[in-house]
Amino acid sequence: MVRTCNCYPLPLLLALLTLLTLFSTVQTYRILGLFPHPGLSHFKVFHPIMRGLAEAGHHVTVVSYFPDANPVPNYHDLRFEGQEVLTNAFNLEDFTGRSFFDNFKEFHELAAWGMGSCSAALNSSAIDTVLETHQSKPYDLLVMEYFATDCMAGISWLMHVPFVGLSSCALMPWHYDRVGLPDSPSYIPSEFSTFSEQMSIWERVENWVVTRAVKHLYSIVQRSDNMLLRERFPHAAIPDVRDIVRNTSLILVNQHYTLSGARPLVPSVVEIGGIHIRAEKPLTEDLRRLMESATDGVIVVSFGSVLKAATLPEAKRNAMLEAFKQFDQLVLWKWEEKMENQPSNVFTQKWLPQRDVLCHRNVRLFVSHGGLLGVSEAVHCGVPVVLIPIYGDQFLNTAALENRGAGVHMAYESLDNASYVVECIAKGLSETTKQMAVSLSKAYRQRPQQPLDLAIWSIINVIEHGAKRYERSYATQLSWPVYYSLDVIAMLAFVIFFTLAPVLYSLRKTCCGNRFKSEASNLTRKQSKKQKSN
């Protein structure tokens, strides 16, 4: 009698075994993200990280002003309240030029932003929700923005979980010390500066003064954070946020050395520049046909999501339009309203899929305000940039790109001069600038690991191994006299002084003694000669 075997096919068994192995070995975590700043350009850097963690299987809760339009099942949104979203929020008519004192004016604005964000976040019901959830389903890690407030670090202390900082731009001067990161103003330009790493003596003086000044002024924001936290949680005895942030496990910073310049980094600071740049998407049919029709190439103009281009003063707008008439390229301008006196080669759109447009093969030049996201996209696509910085890190980004030969600085205060605009655009369209942009793009894109993969690995590494503090620099435990070896210098000076002092004293005594004897001998001889002559 032949027995039949009701067995599953071998391939199916192998597939089931593989799935069981994966489910038994992959550990998922509960991760909370707190992003109280209402700037969309900032959140565009953070969202891919948080969504990437969710897509990797982790349970992610994000509290921000920007809910995900199409979240994956384990990505949960909560909303902060109390602030308006910063989109097309700045009027270009308010800007004139840049001076030394603008460094401190911008710091004052950042400080006000930070205090406002902290107050609004702590008074949002979302904070109560996540604290209540943490009691029953504890979070493993807190991810927060590192910008102009340390308020959310107090929440991490209440939860007793490690925390990771995300920076959408280069690190602020007050972020270096908390992770023991070397900060030398001699060649590391401040986030507030207008310089590249190659600075003259006077630029280094300004950079040193601004870096040191704003680092100390930031203590005003931290005192405000402390006050607001203690008012919100009066019985919690939350420590000073300056002490809490010294326990920072990791900072992911949106920069890459090919653009920002090489600088020393500790293992707890990881560069993820260009993390917001995703896979290319097809253009709309109308936009695609327009781009394809530009046989002489396309010049793309955009002032980003925060600056409203339509508020550009009339004289400056007319000068730019007059300049664009001198070129054969089609000009595609992100412009929020109907444009008057529009030349035949200028086309406007209220919104542009900037990354997809810039990577189109017909694009020859990008005219931008110098925001880091747009600059990063242009570098990624190998497109030269004419930069018109207005405020914040735009001057720093402009200096970095100009220093690498892939960008041209066009001063905002000179925009009403059409000849000047023509000169800048012509330089941006030159073959030399194009070659430098292509070379920079190749180096920027060639990495051993994609930014998103690196960010996710780094965050999970904190959860799994962060308690051992392997990545953290011991420099955070040192006082500033010890960090700068002032105690060693003082001891060496003490030893040298008390070693040389007796020797110098003996030499002086010997020399002076011999001199006294010689003078006495000479005096005796003179007196003897005088007596003989008498």
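Reader: Which residues does Ile-188 contact, leaving aside its neighbours within four places in sequence?
Author: Ile-188 is placed in the loop between β6 (163-167) and α6. Its relative accessibility is 3%, so Ile-188 counts as buried. Pro-264 is 76 residues away in sequence, with 9.8 Å between the two C-alpha atoms. The contacts of Ile-188 are Tyr-176, Pro-182, Asp-183, Met-199, Asn-207, Arg-263 and Pro-264.

Reader: What is the accessible area of the nonpolar surface patch that includes Val-205?
Author: Val-205 is found in helix α6 (residues 201-232). At 38% relative accessibility, Val-205 counts as partly exposed. The patch also holds Phe-100, Phe-101, Ile-201, Trp-202, Trp-208 and Val-209, and together its residues have about 770 Å².

Reader: What separates Arg-51 and Glu-55 along helix α2?
Author: The two side chains meet in a salt bridge at 3.1 Å, N to O. Arg-51 is buried at 17% relative accessible area, whereas Glu-55 is partly exposed at 48%. Because they are four residues apart in helix α2 (residues 40-55), their separation is about one helical turn.

Reader: How far apart are the closest N and O atoms of Arg-98 and Glu-106?
Author: Arg-98 is partly exposed, at 22% relative accessibility. Glu-106 is buried, at 9%. The two residues form a salt bridge, and its closest N and O atoms are separated by 2.5 Å.

Reader: Which backbone oxygen lies 3.4 Å from a polar atom of the side chain of Asn-345?
Author: Asn-345 is in the loop between β11 (330-334) and β12 (346-349), and its relative accessibility of 14% makes it count as buried. Beyond four places in sequence, Asn-345 contacts Phe-324, Lys-325, Phe-327, Gln-329, Leu-330 and Val-331. The oxygen at 3.4 Å belongs to Phe-327.

Reader: Which elements do the buried residues of α10 pack against?
Author: Helix α10 spans residues 314-324, and its buried residues are Lys-316, Arg-317, Ala-319, Met-320, Leu-321, Ala-323 and Phe-324. These buried residues pack against β9 (298-302), β11, β12, β13 (363-368) and α14 (418-428).

Reader: Over which residues does pLDDT stay under 50, with zero contacts beyond four places in sequence?
Author: Across the chain the mean pLDDT is 89, and 90% of residues reach 70 or more. Where pLDDT is low, the predicted coordinates should not be read in detail. The stretch with pLDDT under 50 and zero such contacts is residues 1-6.

How values were computed:
Residues are numbered from 1 along each chain as its sequence is written. This is a predicted model: local features need pLDDT of at least 70, side-chain atom pairs count only at pLDDT 80 or more; totals for chains, interfaces and linings use all residues. Side-chain values use heavy atoms; hydrogens and water are left out. Patches are made of residues with over 30% relative accessible area and no salt bridge: like charges are joined within 9 Å, nonpolar side chains (Val, Leu, Ile, Met, Phe, Trp, Tyr) within 5 Å. Accessible areas come from the Shrake-Rupley method with a 1.4 Å probe; for residues, only the protein chains shown count as cover. A salt bridge is a side-chain nitrogen of Lys or Arg within 4 Å of a carboxyl oxygen of Asp or Glu. Helices (H or I, at least four residues) and strands (E, at least two) are DSSP runs, numbered from the N terminus. Buried means under 20% relative accessible area, exposed over 50%, partly exposed in between (1.4 Å probe, protein chains only). A polar contact is a pair of N or O atoms within 3.5 Å; within protein, one must be able to donate a hydrogen and the other to accept it, and residues adjacent in sequence count only if both atoms are side-chain atoms. Contact means heavy atoms within 4.5 Å. pLDDT is the predictor's confidence in each residue, from 0 to 100.
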